[in-house]
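Here is a short note for a colleague who is opening this entry for the first time. Please look at the sequence and the model before reading the points.

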Amino acid sequence: MAAPKVAVVGAGVIGLSTALCIVETCPSCSVTVLSDQFSPNTTSDVAAGMLIPHTYPGTPIHVQKQWFKETFAYLFAISNSAEASEAGIHLVSGLKATGVQMYTRKVADLWDLHSEYNVVVNCAGIGAHQLVGDEKLFPVRGQVLKVHAPWVKNFIRDGDGLTYIYPGIHRVTLGGTREKESWSLSPDPGTTKDIFDRCCSLEPSLRGAQDIKEKVGLRPSRQCVRLQREVLSQGGVKLLVVHNYGHGAGGFSVHRGTAKEAARLVGECIAALQGSSSRAKL
Ligand SMILES: Cc1cc2nc3c(=O)[nH]c(=O)nc-3n(C[C@H](O)[C@H](O)[C@H](O)COP(=O)(O)OP(=O)(O)OC[C@H]3O[C@@H](n4cnc5c(N)ncnc54)[C@H](O)[C@@H]3O)c2cc1C
């Protein structure tokens, strides 16, 4: 069988980390990322990117712990490496260096990819609601402010985590909101004022923050992350699919662990394809 062709749909933290893990575990694969949006226009760009354990009630706790531990160990190693200062762009630059191709493309139906790719990996985040008609997936809208306040060096988070101040490399993220089933991507001015006031009451120096930008993201929420294989079939033709979406409020916190598992499932798909192609030759 020629080099297996794998398409990853989605270029948020889940799609990019999954593409990287596939390249690492299956170097003979040709990997392409297809996405209608890339950074800085994904939900992943809105997140503060804190590693905080979030619970997925439909996923066994030991599995969640494993995903979190693998992600923590991976990021901790990067933070202690020479690449620490450019860690924010590590995923994209790392993928380009490994030959992964990236195309802007909105995929209306996974089946549309069956003639071009052997395996398709669905990392579409909230987009999976429409892409695969998953009614169990719902948005939890989050509005934040990204501000210039370089003097803020420590994070502050209130008791229930609704109000937070997270300094990043370039900007400070002020949050936030959690609005279940809201699909609106437009920032609400009243919410902006409310977030700013809440954060200033925790850190009054933020009144001097500059260049305040409003951002909205839809957390792709589900009882459990959908991390499984599926075989699509039409008229006797098959397409092997691996789903990896539905990370809700914790995509950053478990991205490496779920990407490794998705890459393992891609490996199973390729082994099945190689088995069937060698049987066909006999
Ligand atoms: C305000 C806020 C704060 C957050 N803070 C944190 C935090 O501190 N820590 C944490 O762990 N998590 C946090 N999260 C959650 C985290 O952002 C998400 O879990 C994570 O970004 C999900 O990543 P994703 O790659 O699945 O989705 P996305 O980043 O949305 O990426 C999905 C990709 O799929 C593409 N796509 C969708 N449909 C199609 C289609 N039909 N065809 C082609 N491409 C398609 C999109 O263009 C996009 O590139 C936060 C979220 C929000 C909103």
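Predicted model: local features only at pLDDT ≥ 70, side-chain atom pairs only at ≥ 80, totals over all residues.

1. Residues are numbered from 1 along each chain as its sequence is written.

2. The protein chain is assigned domain 1 (5-136 + 222-281) and domain 2 (138-220), with bounds that come from an automatic or database domain assignment. The centres of the two domains, taken over C-alpha atoms, are 27 Å apart. Contact between them involves 13 residues of domain 1 and 14 residues of domain 2, where two residues are in contact if their C-beta atoms, placed from the backbone, lie within 7 Å. On the side of domain 1 that touches domain 2, seven residues are nonpolar, six are polar and none is charged (Ala, Val, Leu, Ile, Met, Phe, Trp, Tyr, Cys and Pro count as nonpolar, Asp, Glu, Lys and Arg as charged, and the others, Gly among them, as polar).

3. The ligand lies between the domains, because domain 1 and domain 2 both give residues to the shell around the ligand. That shell holds 43 residues, of which the closest are Gly12, Gly125, Gly127, Gly142 and Gly251; a residue is near a molecule or strand if its C-beta atom, placed from the backbone, lies within 6 Å of it. By class, the shell has 20 nonpolar, 20 polar and three charged residues. Among the elements that each supply at least two residues are α1 (13-25), β5 (138-148), β10 (210-221) and α7 (251-281), helices (H or I, at least four residues) and strands (E, at least two) being DSSP runs numbered from the N terminus.

4. Strand β5 pairs with β10 in the antiparallel sense over 10 bridges, pairing being called if DSSP finds at least two bridges between two strands. Gly142 has Gly217 in β10 as its bridge partner. Strand β5 also runs antiparallel to β8 (residues 172-175), with four bridges, Val147 being partnered there by Val172.
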